[in-house]
Every structure is written in structure tokens, then in C-alpha cells.
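User: I have a model open and would like to talk it through with you, a topic at a time. Could you start once it is on screen?

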Amino acid sequence: MEYVMQAHLQEGSSPSDEHPRVEYWHIAHIRETTALCGRELDPSAPKQSTDAWGTDGSQPFCHTCGALYLRQVP
Ligand SMILES: [Zn+2]
């Protein structure tokens with residue numbers, strides 16, 4: 001299973017902004033638009049590899065997604 005980190009942007013921030021402000025990084029299955037925690041994600045929101053998981057680049061992250069992700073990845 002492949003996962004991707006996807007941003008949920010702050011109110012008033014848009015994916016087309018030069019520097020979109022990230023409220024939370026969620027984790028979703030690569031073919032899904034719903035995060036592991038159940039939140040609907042905007043398909044145009046910024047994404048990054050789960051390689052960033054656990055680094056400063058993944059902050060602030062969704063704790064629900066984090067807990068579920070750790071359970072699914074050996
Ligand atoms: Zn989440």
C-alpha cells in the first residue's frame with residue numbers, strides 16, 4: 001500500500017497561493033481523496049512523500065492520521 005501526505009490548508013489559504021498555509025498534514029492512500037482520519041481532502045492541495053513523515057517537513061500533522069498510519073505500516 002502506498003500513502004501520500006496531503007495538506008489541509010488553513011481557512012483563506014488556497015492551493016494556488018505561492019505559499020499555501022498548512023493547517024495539518026494528513027495521510028491518505030495514494031488513490032484516495034479521503035484521509036485515513038476520514039477527512040475529505042482537496043485533490044489540488046499540496047502533497048508530499050511520506051518520506052517526510054517524522055521530520056520537521058511533516059509538521060503540523062494530523063494525530064489521528066499519524067496513529068492510523070503507524071498501525072498500517074509494519
Ligand atoms: Zn487526518
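User: Which protein donors does the zinc ion have, and how far from it do they lie?

Analyst: The model is a predicted one, in which local features need pLDDT of at least 70 and side-chain atom pairs count only at pLDDT 80 or more, while totals for chains, interfaces and linings use all residues. Residues are numbered from 1 along each chain as its sequence is written, and side-chain values use heavy atoms, with hydrogens and water left out. The zinc ion has His26 (ND1), Cys37 (SG), Cys62 (SG) and Cys65 (SG) as its protein donors, at 2.0 to 2.4 Å; donors are N, O and S atoms within 2.8 Å of the metal (3.2 Å for Na, K and Ca), and sites may look incomplete since water is not among the atoms.

User: What geometry does the site of the zinc ion have?

Analyst: The site is tetrahedral, with angles of 102 to 116° among the four donor atoms; four donors count as tetrahedral if all angles lie between 85 and 135 degrees.

User: And how are the donor residues spaced in sequence?

Analyst: The spacing is H-x10-C-x24-C-x2-C. Histidine 26 in strand E2 (residues 22-29) and cysteine 37 in the loop between E2 and strand E3 (47-49) are 11 residues apart, and this pair links distant parts of the chain. Strands (E, at least two residues) and helices (H or I, at least four) are DSSP runs, numbered from the N terminus.

User: Is histidine 26 buried or exposed?

Analyst: Histidine 26 counts as buried, because its relative accessibility is 3%, whereas cysteine 37 is partly exposed at a relative accessible area of 28%. Buried means under 20% relative accessible area, exposed over 50% and partly exposed in between (1.4 Å probe, protein chains only). Strand E2 is itself mostly covered, with six of its eight residues buried.

User: Switching to the sheet, in what order do the strands come?

Analyst: The three strands form an open sheet in the order E2-E1-E3, with antiparallel pairing. E2 and E3 stand at the edges with a single partner strand each, so one side of each has no neighbour in the sheet. From one strand to the next the twist averages 30°, where axes are lines fitted to C-alpha atoms (for helices over the stretch in contact) and angles run from 0 to 180 degrees between N-to-C directions.

User: How many bridges join E1 to E2?

Analyst: Seven bridges join E1 to E2, and histidine 8 has tyrosine 24 in E2 as its bridge partner. Between E1 (residues 3-9) and E3 there are three bridges, and valine 4 stands opposite serine 49 in E3. Two strands pair if DSSP finds at least two bridges between them.

User: What does threonine 50 touch?

Analyst: Threonine 50 lies in the loop between E3 and helix H1 (63-72) and is buried, with a relative accessible area of 17%. Leaving aside neighbours within four places in sequence, threonine 50 is in contact with Tyr3, Val4, Met5 and Tyr69, contact meaning heavy atoms within 4.5 Å.

User: Last topic, the chain overall: in what order do the elements run?

Analyst: From the N terminus on, the elements of the protein chain run β-β-β-α. The radius of gyration is 11 Å, close to the 11 Å that the globule rule gives for 74 residues, so the chain is as compact as a globular protein of that length; the radius is taken over C-alpha atoms, and the rule is 2.2 Å times the number of residues to the power 0.38. Of the 74 residues, 34% count as buried.

How values were computed: Tetrahedral: all angles 85-135°; square planar, octahedral: opposite > 155°, others 65-115°.
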